[in-house]
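Student: Could you take me carefully through one part of this model, the sheet, and show me how its strands are put together?

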Amino acid sequence: VGVQSINFYIYNRWGEKVFQTNGLDEGWDGSFRGKPMNNGVFVYYLEATFLDGTRAEQKGDITLTR
């Protein structure tokens with residue numbers, strides 16, 4: 001089943017949004033406001049709507065290491 005729309009967000013430990021995209025072909029490069037972020041744990045939130053109309057949500061964390 002294909003994806004109709006997607007919303008993907010990444011937040012730092014203070015709840016500040018450091019990345020957002022609506023595209024499947026765009027990923028986070030570990031930077032914020034043009035500067036590399038320090039190593040750390042970040043929270044992500046994903047909302048997706050599929051071509052058949054079903055929706056999915058996923059939350060979790062990712063660890064940035066350099």
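Predicted model: local features only at pLDDT ≥ 70, side-chain atom pairs only at ≥ 80, totals over all residues.

Tutor: A definition comes before the details: two strands are said to pair if DSSP finds at least two bridges between them, and the strands themselves are DSSP runs, numbered from the N terminus. Strand β2, residues 17–21, runs antiparallel to β1 and is joined to it by four bridges. Between β1 and β2 lie five residues, and the two strands form a hairpin, with G15 in the turn showing a positive phi of about 85 degrees.

The strands β5 and β6 pair in the antiparallel sense over ten bridges. Put together, the four strands form an open sheet in the order β2-β1-β5-β6, with antiparallel pairing. In this sheet β2 and β6, the latter spanning 55–64, stand at the edges, and each has a single partner strand, so one side of each is left without a neighbour in the sheet. Neighbouring strands of the sheet are turned against each other by 15 degrees on average, direction ignored. As for what holds such an arrangement together in general, strands of a sheet pair through backbone hydrogen bonds, either parallel or antiparallel.

Definitions and conventions
Residues numbered from 1 in each chain as written. Heavy atoms only, no water. Axes fitted to C-alpha atoms, helices over the stretch in contact; angles between N-to-C directions.
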